[in-house]
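Below is a brief report on one protein chain. It goes from overall form to single residues.

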Amino acid sequence: MGLSISIIKMIELSSCSICNKMMSHPVRINCGHSYCKSCIERDCNKVSSETGLKIKLSCPLCGSPFSLENLQPNKDLENIIDVIKEMEEEANKMLCNDHSEKLDLFCEDEGQLLCWRCNWEDRHKGHSVALVGDVYRGYKEKLQETVKKLSELQENNRAQLRLMTKQIKDWKAAIEVQRQRIHSDFKNLQRFLHEEEKSYLWRLENEEEQVLRSLKDAEANLQKKCEETESQILKLEGKCAGPAQDILQDVKNTLSRFETVEPEPLKAELPEVRTTCNVSELYFDVKTLLRCHQVSVTLDPSTAHRDLTLSEDRRQVTYKRCHENLEASTERFDVLPCVLGCEDFTSGRHYFEVSVENATTWDVGVCVKDVPRGFDRKEEPEFGFWTIRMCKKDGLGALTSTPTSLHLSEKPQLVGVFLDYEAGLVSFYNGTSGSHIFTFPKASFRDTLRPFFQVYEHSPLFLPARNDG
């Protein structure tokens, strides 16, 4: 059932000519016309903002002047508008599909709206029926409680969604970290295996050269023996072909000289190749392989600068600016705070570790035993140093002829130094993870090498004991 013409006319009269909707909080101006309070205020402010000047206000309908201070609430019109809204609600009420009557009743048993005629039908006899106006508030409250419960559920769902989104992001990040770690570990292992391959091949070539030289010397000796024996055979054959007097001339001495000559047994066996490499073993933990060559390093007090203090077991060194009265020593560093290890390296493979956990600045590596101790020292391979340095300003770097910056994903807490004397290699590793840090270009070592340390203020260095585990 639609709205009556009278109601439609009342709606038109109650509409605001500014927003074309039924007025909200209607106010009356001087001329008697009414508008929504918010509409007339907004319209006036708009006019004022366009000119930037204070102007006289006029009614949008008749043009009569008015003042905002004189706005009066139109309570009568507001009450009429409320009645119109109630009439609209009444007019828009649903009607029964079977009887075209208002659905003013509610069957509690079947949960259906009924008109008065439906209520008299046999199918609803004995049912609990109530007026819509009496029960709708209770059901409205239940619906509102359900909405509240669903809203809480929705908030929980959104929280779960946010958490799941974060978990997906975190999982992807964790996978990426692991992917990079695996890539880095295999890259380090490949680099290590490559260095191992070069080292083993160098040893094999060295063994080949030495054994081949020995074999060729033996071959030359045998060739000489063959030539001497051939000469003796020709002489004896000539003697036998001569007259009787030639044959008997000094015959006993000749026979005596060759009487004990016996052929030497043939040496058919090849020398055993001593340089072997079980490549499968190299796939085990790099740290385990390095520590197979680990040596126990202690500090040499006769080389320590006067500002350095060594622990009683000579495994820790600290910079203290103490200027101790130490014994005079030509081996002592007298300019920069350096100290050498006691161990001499003249051959073989050696590995030692240095704890730099409590140090922010340090130099670690190996050097020639008799490097200069004064101002003429340059910490480069050309001057007998193979070291890396950590400092606050430039970070980690290898002290090559032109310093090489080293960019690591994490600061090493334990630095491993690996020396292969015959192969001419000095390599550095992260002793915690086993990852490779740097390898100096191949050198030819001829002098005695020693562990080298330069110590800075507030940066003590510690040498862990050999790990035999």
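The sections below take the fold first, then annotated spans, then individual loop residues.

## Basis

This is a predicted model: local features need pLDDT of at least 70, side-chain atom pairs count only at pLDDT 80 or more, and totals for chains, interfaces and linings use all residues. Numbering starts from 1 along each chain as its sequence is written, and side-chain values use heavy atoms, without hydrogens and water.

## Overall form

The protein chain holds 8 helices and 21 strands. These are DSSP runs, numbered from the N terminus: helices are H or I of at least four residues, strands E of at least two. The C-alpha trace spans about 170 × 75 × 45 Å along its principal axes. The radius of gyration is 53 Å, whereas a compact globule of 469 residues would have one near 23 Å. That radius is taken over C-alpha atoms, and the globule rule is 2.2 Å times the number of residues to the power 0.38.

## Burial, contacts and charge

Of the 469 residues, 31% count as buried (under 20% relative accessible area; exposed is over 50%, partly exposed in between; 1.4 Å probe, protein chains only). Take the contacts (heavy atoms within 4.5 Å) between residues at least 6 apart in sequence: 61% join residues at least 24 apart.

The chain carries 62 positive and 75 negative charges, and their mean positions are 6 Å apart. Lys and Arg count as positive, Asp and Glu as negative; His and the chain ends are not counted. Each charge is placed at NZ of Lys, CZ of Arg, CG of Asp or CD of Glu.

## Annotated coiled-coil spans

An unreviewed UniProt entry annotates residues 136-163 and 201-239 as "coiled-coil region". Such annotations may be inferred rather than shown by experiment; positions follow the numbering used here, and feature names are shortened.

In the model, residues 136-163 are 100% helix and 0% strand, with end C-alpha atoms 40 Å apart. Residues 201-239 are also 100% helix and 0% strand. Their end C-alpha atoms lie 56 Å apart.

## The loop between H1 and S1

Methionine 23 sits in the loop between helix H1 (5-13) and strand S1 (26-28). Methionine 23 is buried, at 6% relative accessible area. Beyond neighbours within four places in sequence, its contacts include Leu13, Cys16, Tyr35, Leu77 and Ile81.

Asparagine 20 lies in the loop between H1 and S1. It is exposed, at 62%. Its phi is positive, about 60 degrees, although it is not a glycine.

## Arginine 314

Arginine 314 lies in the loop between strand S9 (308-310) and strand S10 (316-319). Its phi is positive, near 60 degrees, in a residue other than glycine. Arginine 314 is partly exposed, at 38% relative accessibility.
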